[in-house]
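Dear colleague,

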Amino acid sequence: MESRHQYDVIIIGAGPIGLACGIEAKRAGLRYLIIEKGCLVNSLYNYPLNMTFFSTSEKLEIGSVPFISHGPKPNRAESLEYYRRVCSSWDLSVQLYEEVISIDQVSQKHTVTTTKGLYVASAVVLALGFYDLPYLLHVPGEELLKVKHYYDEPHPYFRQNVVVIGASNSAVDVALETYRKGANVTMVVREQAIGENVKYWVRPDIENRIKESSIQAYFNSTITKITPGTVEILTPNGPMILDNDFVLAMTGYQPPFDFMRKCGITFRNDEFNTPEYNTETMESNVPGIYLAGVVCGGLKTNKWFIENSRVHATMIINGLRQRFTQ
Ligand SMILES: Cc1cc2nc3c(=O)[nH]c(=O)nc-3n(C[C@H](O)[C@H](O)[C@H](O)COP(=O)(O)OP(=O)(O)OC[C@H]3O[C@@H](n4cnc5c(N)ncnc54)[C@H](O)[C@@H]3O)c2cc1C
């Protein structure tokens, strides 16, 4: 382990919001460091290759760096290019491929232990995102290689029997894209209809494909078993066995609650497991540990996104600046 480095603030996570925090810390003249376990904007890097953001590009801007996309809305490749440019133009201090393992409080300071070293900081920002922990199906056969919790592109599924699980935006996008690239798609949906939050411009497309039976859909249905050549499902009309080559489980992701608990963060007793924090300062119940970005919503991972949580960076760093100048 390296020796201890002293910082005013350590930001964990180099997603868009962690980067925004780094920029504000740099603007404020604080000694800061961003630590990221993967590549820069690791979550965005792992999004489907052909995805398009629902936000227009200016809503994803941070640090006053203009984001101009070729189409009406930016795609994944443009967003990676953009955040690389932000990082370079602000010359941010980011350490990549270094995972934070724990944060411990020692006499009003925080010791941050990573896979590569030890750091000490007066404050820590958790901008951890939610894209690393998929909800598992907990059914026999889930461990088979044909079961995917992340989707990248449609080509491998050409002429394959694909089951898409879920009815959220991701599931609907995956069902439509694989269907249009020649897959035989069946959706298995626990609820009684396509999700309420599905983008309004996509909803008619999926509903009409289901109506005309181009895509099969079983609502109020759950998957019970996966074998190399089949999936077994339970529908309102009883159990069924479907021929199957791939299962694309688009069942959502959750924030790293265990890590947060280990840091001392407590959670409200609500249905979303919302972490405790002061909504004006973003400081959690642990003095000196702040929350930023999507992680603030707990299980409600669509509450905070890039557009509406960029502001967390200024809220946190303005507060810290005042604290350090007192
Ligand atoms: C398909 C899709 C489309 C979307 N489209 C939009 C859109 O159009 N507009 C919009 O505003 N939002 C959109 N979102 C949501 C948006 O991408 C997220 O809300 C956003 O990434 C949140 O940023 P963040 O910095 O809080 O978290 P993330 O971007 O998830 O960043 C968190 C980072 O923390 C790192 N990390 C986690 N734990 C550790 C650790 N222990 N040590 C070190 N590093 C760690 C992760 O590797 C990750 O890089 C979309 C999401 C998806 C899935």
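Which of the 33 residues around the ligand come nearest? Please keep in mind that this is a predicted model; in it, the residues that come nearest are Glu36, Ser43, Tyr47, Phe54 and Ser55. When the residues of the shell around the ligand are sorted by type, 19 are nonpolar, eight are polar and six are charged. Three helices, α1 (16-27), α2 (42-45) and α7 (306-309), each supply at least two residues of this shell.

A polar backbone atom of Ile17 is 3.0 Å from a ligand oxygen, a polar backbone atom of Val294 is 3.2 Å from a ligand oxygen, and for Pro16 a backbone N or O atom lies 3.5 Å from an oxygen atom of the ligand. Taken on its own, the ligand has 1,000 Å² of accessible area, of which the protein covers 93%.

Turning to the protein chain as a whole, its secondary structure comes to eight helices and 17 strands. The radius of gyration of the chain is 22 Å, close to the 20 Å that the globule rule gives for 326 residues, and the chain is therefore as compact as a globular protein of that length. Along its principal axes, the C-alpha trace spans about 65 × 40 × 35 Å. Of the 326 residues in the chain, 51% are buried, while the chain exposes about 15,800 Å², with carbon and sulfur atoms supplying 51% of that area.

Technical notes. Residues are numbered from 1 along each chain as its sequence is written. This is a predicted model: local features need pLDDT of at least 70, side-chain atom pairs count only at pLDDT 80 or more; totals for chains, interfaces and linings use all residues. Side-chain values use heavy atoms; hydrogens and water are left out. A residue is near a molecule or strand if one of its heavy atoms lies within 4 Å of it. A polar contact is a pair of N or O atoms within 3.5 Å; within protein, one must be able to donate a hydrogen and the other to accept it, and residues adjacent in sequence count only if both atoms are side-chain atoms. Accessible areas come from the Shrake-Rupley method with a 1.4 Å probe; for residues, only the protein chains shown count as cover. Helices (H or I, at least four residues) and strands (E, at least two) are DSSP runs, numbered from the N terminus. Ala, Val, Leu, Ile, Met, Phe, Trp, Tyr, Cys and Pro count as nonpolar, Asp, Glu, Lys and Arg as charged, and the others, Gly among them, as polar. The radius of gyration is taken over C-alpha atoms; the globule rule is 2.2 Å times the number of residues to the power 0.38. Buried means under 20% relative accessible area, exposed over 50%, partly exposed in between (1.4 Å probe, protein chains only).
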